[in-house]
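Here is a friendly walk through one model, strand by strand and then core by core. Keep the viewer open as you read.

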Amino acid sequence: MSTAPTETPAPAAPVPVNGEPVATENTPAPVQTEAVPEPQPAVQEQPAADPPAPTETIGGLNLPSSAADGLIQKPFAYPVESSKPPAPAALTADQQAKYDTVFKSVSEWTTVPTTAAKNAPTAPITDDERMFLTRECLLRYLRATKWNAPEAVARLQRTLTWRREYGIEKLTPDYISIENETGKQVILGYDIHGRPCLYLLPSNQNTEKSDRQVQHLVFMLERCIELMPADQETLALIVDYSQTKSGQNATIGQARDTVHFLQNHYPERLGRALVINMPFIIMGFFKIVTPFLDPVTREKLKFNEDLNKHIPSSQLMKSVGGEVEFKYDHASYWPALNKLAEIKQKEYKERWIQGGKRIGEYENYLKTGTSPSLSQREKESNGATETAEN
């Protein structure tokens with residue numbers, strides 16, 4: 001049996017350059033035996049060092065390029081760790097009974113009127129409309145009606161009809177884009193309770209008065225709702241009147257329309273309204289509008305307060321007293337915002353389908369997927385009942 005040839009090991013050679021070994025004066029040649037050495041694999045070229053991670057400007061903030069793909073940590077994907085919504089209050093026995101009444105009524109809907117007109121034709125209820133009717137949605141309407149179950153059911157149906165007639169699904173990013181080219185509405189950061197912050201900046205007004213101006217606000221409200229973290233159902237509205245000129249403010253008619261759809265079709269969605277840099281003429285405008293607000297909404301209005309009391313400085317624009325250097329760039333901000341919303345919409349709907357496409361689904365489950373769905377809770381409840389009976 002022959003012995004395999006051996007090779008005297010040589011000192012480590014310098015790193016090859018472009019696949020070729022580099023000779024030096026102190027590098028001895030390897031000593032070989034008579035046998036021919038086995039073929040050695042080709043020397044591999046050393047990979048170049050990874051370049052620095054590319055960055056990209058997203059709505060005025062310099063972020064990793066991955067942020068542009070919807071994985072945005074700033075400016076609006078998540079609140080800071082300390083910003084937590086208060087824990088939801090447990091329902092009393094009476095409130096639970098009224099919720100059960102509303103849940104039973106809306107679960108039986110098969111059609112919904114297509115317009116608000118008397119004797120309007122109806123059309124089958126859609127999956128998106130059934131998904132809209134979450135447990136928390138039903139509770140918001142009950143709270144808004146002072147726990148009047150029949151009135152809550154009626155208002156829920158009116159809202160579904162309004163959403164059809166108003167054309168919520170037709171308010172696409174492309175259609176609304178022109179309204180936000182100058183950044184007159186910006187979603188940026190979260191307040192101390194984890195509410196997404198929607199800035200209204202009238203001084204950036206760029207279009208003539210039209211229905212689309214009000215539709216623009218509806219569109220941004222829908223995006224805020226999609227960006228709300230688990231257990232948070234409200235948003236923070238910041239209205240900054242600095243540098244606002246005559247004619248840039250909303251008309252009385254627009255204000256009335258806004259108050260109408262906010263109170264009737266987005267009940268319990270406004271957590272805080274912070275109005276700053278308000279000139280005298282605007283104060284008069286608010287005196288006209290305020291009577292149209294219900295007492296609960298009026299309590300949420302705060303005028304010319306220090307925003308740092310309500311929003312962490314790290315998520316507050318520098319122009320209003322925070323630390324965030326922000327200059328609106330529509331070409332980057334608008335697609336980034338809508339990409340993030342699209343991702344959240346998709347995840348939300350996938351969980352709703354996985355949960356059995358149920359009316360009355362839990363929003364915490366739909367937003368996170370980490371808590372039990374309605375079906376899982378019902379199975380656990382039934383299992384516990386059977387165990388107790390046995």
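## A covered strand

Strand β7 is mostly covered, with six of its six residues buried. This is a predicted model, and the values below are computed from it. Both faces of β7 are shielded: Leu235, Leu237 and Val239 are buried on one side, and Ala236, Ile238 and Asp240 are buried on the other.

What are the partners of β7? Strand β6 (residues 196-200) pairs with β7 in the parallel sense over four bridges, and here Leu200 stands opposite Val239. Strand β8 (residues 270-276) also runs parallel to β7, joined to it by six bridges. In that pairing Asp240 stands opposite Ile276.

## Asp240 in its setting

Asp240 sits in β7, which spans residues 235-240. Is Asp240 buried or exposed? Its relative accessible area is 5%, under the 20% cut-off, so Asp240 counts as buried.

Leaving out residues up to four places away in sequence, Asp240 touches Leu200, Leu201, Pro202, Ile276, Asn277 and Val320.

## Tyr199 on the neighbouring strand

Tyr199 lies in strand β6 and is buried, at 0% relative accessibility. Tyr199 and Leu237 are 38 residues apart in sequence, yet their C-alpha atoms are 6.1 Å apart in space.

Beyond residues up to four places away in sequence, Tyr199 touches Lys184, Gln185, Val186, Leu188, Ile238, Gln315, Leu316, Met317 and Val320. For Met317 there is a polar detail to look at as well: its backbone nitrogen lies 3.4 Å from a polar atom of the Tyr199 side chain.

Nonpolar side chains tend to be buried together in soluble globular proteins. In this model, the largest nonpolar core has 52 residues, and the members that touch the most others are Val186, Ile187, Leu198, Tyr199, Leu237, Phe261 and Phe326. The elements giving two or more residues to this core are β5 (185-190), β6, α6, β7, α7 (252-265), β8 and α10 (330-354). Of these, α6 provides the largest share, nine residues.

Val186 shows how such a member is surrounded. Setting aside neighbours within four places in sequence, Val186 is in contact with Cys197, Leu198, Tyr199, Met220, Met317, Phe326, Tyr328 and Tyr333. A second, separate core holds 19 residues, among them Val102, Ile125, Cys137 and Leu138.

## Cysteines without partners

How many disulfides does a search of the whole structure find? The search finds zero.

Cys197 is buried, at 0% relative accessibility. Cys137, from the second core, is buried too, with a relative accessible area of 2%.

Conventions:
Residues numbered from 1 in each chain as written. Predicted model: local features only at pLDDT ≥ 70, side-chain atom pairs only at ≥ 80, totals over all residues. Heavy atoms only, no water. Buried < 20%, exposed > 50% of the residue type's maximum accessible area, 1.4 Å probe, protein only. Contact = heavy atoms within 4.5 Å. Pairing = 2+ DSSP bridges. Disulfide = S-S within 2.5 Å. Polar contact = N/O pair within 3.5 Å; in protein donor to acceptor, adjacent residues only side chain to side chain. Core = buried A, V, L, I, M, F, W, Y, C linked by side-chain atoms within 4.5 Å.
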